[in-house]
Amino acid sequence: MFFLKYVLAELRRRRGRTVLTALGLGVGVALVVMVNGLSTGLNNAQATVLKPLTGVGTDMSVTRPLKITTGGRGAFGSLSPTARKQLRSEVGGGPGLNFASAKAGSKIDTDTFRAAGDLTFSASELKQLASLKGVESVAGSLTLTDTHLSGTVPKIKIKQSQTSGGGPGGGGASFGPASGSFGGGSISTSSRTITGVDETKPALAAVTPSQLTKGSYFTTSGSAYQAIVANGYANSKSLSVGSKITIDGKTFHVIGVATSPLGGTASDIYVKLTTLQKLAGYGGQVDTAEVQATSAADVTAVSTAIKKDFKNASVTTAADLASRVSGSLTDAKNLSHKLGGALEIVGVIAAILIASLLMLSSVTRRVREIGTLKAIGWSRLQVVRQICGEALGVGVLGGVLGVLAGVIGIVVLNASGWTLKASVAGASTTAAQSGGPFGLGQAASSAITAGSTAVKITAAASVALIVLAVCLAIFGGLVAGAAASLRAARLRPAAALRTIE
Amino acid sequence: MSQQSPQAVREPSAAAFTPQPEPAPETYELSGVSKVYGSGSTEVRALDGIDLTIARGEFVAIIGASGSGKTTLLQLLGALDRASGGRTLLNGRDLQTLEERELTRLRRDTIGFVFQQFNLVPTLTAGGNIEAAIATTKQDGRQRAQRVAELLEIVGLAGRANHLPSQLSGGEQQRVAIARALANGPSVLLADEPTGNLDSATGDEILHELQRLVTDRGLTLVLITHDAKVASAALRTIRLRDGKIVEDSE
């Protein structure tokens with residue numbers, strides 16, 4: 001086919017012009033590929049940040065935080081009588097330390113478990129939650145603060161005050177995690193957070209198999225005294241897989257080490273839920289319910305239903321979490337969201353304009369040739385087809401060059417190991433950050449734990465994106481070709497032949 | 001006016017695709033033709049009241065100083081431009097009234113052009129340049145290839161089909177241009193200083209080539225030249241001055 005032969009001859013033999021025009025388009029295409037790839041990378045990075053917290057779009061975390069005020073009748077004065085009763089039951093029901101019954105000079109070594117401030121859900125409430133329309137699955141977890149006290153009971157007499165009103169101390173006074181010494185004796189305290197996870201639903205658990213950096217996950221058939229420790233805690237206590245830790249006199253075997261999820265429940269130790277409930281005396285109770293919705297579309301409805309059916313329930317969805325993520329990752333993502341699209345459009349328009357100008361310039365230099373073609377019988381349409389064919393070829397070349405440049409840019413970006421910081425602001429729902437009787441309030445509970453992490457940005461170019469980019473280049477080439485060829489087609493042959501080149 | 005009226009020798013393959021009306025006895029009939037460029041104070045009257053008849057098979061040389069209107073006249077004869085006034089008939093058809101599409105068809109099928117600077121497409125080979133003229137017809141690839149080979153043979157360039165213009169001498173390039181002009185079997189050959197860019201010996205060769213074509217194929221040849229020697233080869237010479245015919249050797 002002569003037309004194709006002529007197009008190829010023009011592209012091949014006017015190599016400089018062809019490459020220059022193709023590069024003009026290629027710059028725009030490369031910009032689209034890189035900005036899109038980067039945007040995808042930022043989206044993936046944010047999804048990576050959010051993934052440990054909830055399955056994006058389909059999961060939610062349900063808690064019932066205490067709402068504590070500092071006015072009125074003490075820290076818990078605003079609680080309803082029912083809530084106070086429940087809290088008294090939860091906190092008071094644990095194995096507290098009663099100095100009234102301790103003999104001065106005697107040795108003590110005990111663990112005290114305290115719910116960190118959330119009102120717990122009972123087993124029946126979990127079932128009720130699971131039966132809600134739109135709920136696919138529910139997994140409970142229980143996070144407790146374990147205060148370990150050891151030492152010699154001091155020779156002091158403690159007058160135990162009876163709490164009234166909003167005070168939670170129904171079962172005797174108890175010390176919080178603060179350490180101190182009394183009279184002739186000495187007592188040291190330390191605290192750690194322990195979370196009981198439903199090992200039968202690892203995907204929804206407070207610690208998931210994907211968070212493990214060493215060792216293995218809980219097995220339902222395995223020992224009840226298995227533990228997974230957080231990286232930070234393992235480092236500070238020199239623990240590793242195979243180590244042993246003691247909780248309330250029971251020896252647990254460390255089977256795994258896990259990274260702490262950004263923003264999620266970050267405990268020092270994870271054990272099986274039933275084991276912790278039994279040890280701490282919280283039989284059948286959990287303080288957080290991880291809920292998986294049937295579909296992303298059900299999340300809002302399920303969230304509303306939970307808030308309606310469970311008084312004081314706080315529902316944290318992936319969207320809530322996403323809104324709390326900040327840092328350079330979010331800044332970059334916002335920038336990409338706001339400017340990325342505009343940058344792509346400007347880039348493509350600039351590329352098309354550059355290509356059009358180059359094509360026009362090229363056609364201007366070929367006016368005499370076009371005049372000759374008309375003189376030997378070429379019609380306007382045939383001239384337009386020829387110029388557009390060449391422009392199409394330049395567009396395809398520009399697309400290929402642009403995609404190559406864009407992909408190389410992405411590879412270089414990924415190889416540079418660019419990382420951004422993602423921070424999650426904690427949603428402190430238990431406000432007593434200090435004081436509080438025996439530690440209550442010191443370990444402020446929250447649905448979202450504050451934290452930050454560095455996230456590696458891995459830009460990605462999809463096949464669809466590459467196809468789109470090539471199509472854009474072809475479109476750009478055709479626009480450029482149309483602009484140039486219409487000018488060429490309008491030329492009268494006599495005027496074209498008079499042109500001095 | 002020449003008394004010759006030989007039948008045009010059309011290439012069989014091209015003739016099949018270029019149906020022509022019954023030939024008129026005269027190829028060209030121009031009456032009161034004028035061409036004006038610009039307007040007002042910038043107006044230039046390139047041709048002014050040209051009356052001219054050119055018979056089929058004539059070899060006419062148009063001479064005159066620069067700016068006398070030679071090229072403008074050739075462009076009007078070649079349907080490359082429209083006159084500002086008067087009537088231009090080619091084979092009985094008024095070029096003033098034809099639509100652009102019909103003028104294109106006329107340029108393709110009836111008229112062949114040879115330019116001073118050859119005007120070959122630099123990116124196409126000799127064969128490609130000739131094929132560019134045939135590509136606008138409905139001949140298939142095999143027919144086109146055969147026709148290109150025939151034409152190169154006619155102009156003595158067999159075996160040069162794959163040479164780019166830059167790889168050919170000036171004379172060879174002009175031969176390719178002549179072959180291209182003959183590609184669709186025209187009845188009229190218009191040549192604008194065809195030897196102007198060639199040395200004397202090569203110019204002579206090209207001139208003889210054109211004369212041979214006129215004789216062998218019965219073509220009407222209208223040639224512009226500054227060269228008296230070239231002009232003397234024509235059977236008829238028309239001299240232009242300031243857009244008017246001041247001498248016609250007919």
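## Exercises on a two-chain predicted model

In chain B, strand β1(B) and strand β4 (residues 85-90) are joined by 5 bridges and run antiparallel. Strands here are DSSP E runs of at least two residues, helices are H or I runs of at least four, and both are numbered from the N terminus. Two strands count as paired if DSSP finds at least two bridges between them.

This is a predicted model: local features need pLDDT of at least 70, side-chain atom pairs count only at pLDDT 80 or more, and totals for chains, interfaces and linings use all residues. Residues are numbered from 1 along each chain as its sequence is written, with chains lettered from A and ligands numbered from 1 in the order in which they are written.

**Exercise 1. Work out the strand order of the open sheet in chain B, and find its edges.**

Step 1. Start from β1 (residues 26-37) of chain B. It is joined to β2(B) by 8 bridges, antiparallel. B:Lys35 faces B:Leu47 of β2(B).

Step 2. Go to the β4(B) partner. Here B:Ser31 stands opposite B:Arg87.

Step 3. B:Leu90 lies opposite B:Arg93. The hairpin has 2 residues between these strands, and B:Asn91 takes a positive phi near 50 degrees.

Step 4. Read off the order: β2-β1-β4-β5, 4 strands in all. β2 (44-55) and β5 (93-94) each have a single partner strand, so one side of each has no neighbour in the sheet.

**Exercise 2. Describe the side of chain B that touches chain A.**

Step 1. Count residues in contact (C-beta atoms, placed from the backbone, within 7 Å). There are 21 from chain B and 21 from chain A.

Step 2. Find the elements that give two or more residues on the chain B side. They are α3 (100-109) and α4 (126-134) of chain B.

Step 3. Sort the chain B residues: 7 nonpolar, 8 polar and 6 charged. Asp, Glu, Lys and Arg count as charged; Ala, Val, Leu, Ile, Met, Phe, Trp, Tyr, Cys and Pro as nonpolar; the others, Gly among them, as polar.

Step 4. Note the scores for the complex: ipTM 0.86 and pTM 0.62.

**Exercise 3. Decide how far to trust chain B.**

Step 1. Take the average pLDDT (the predictor's confidence in each residue, from 0 to 100). For chain B it is 86, and 90% of the residues score at least 70.

Step 2. Over residues 1-17 of chain B, pLDDT stays under 50.

Technical notes:
Contact = placed C-beta atoms within 7 Å.
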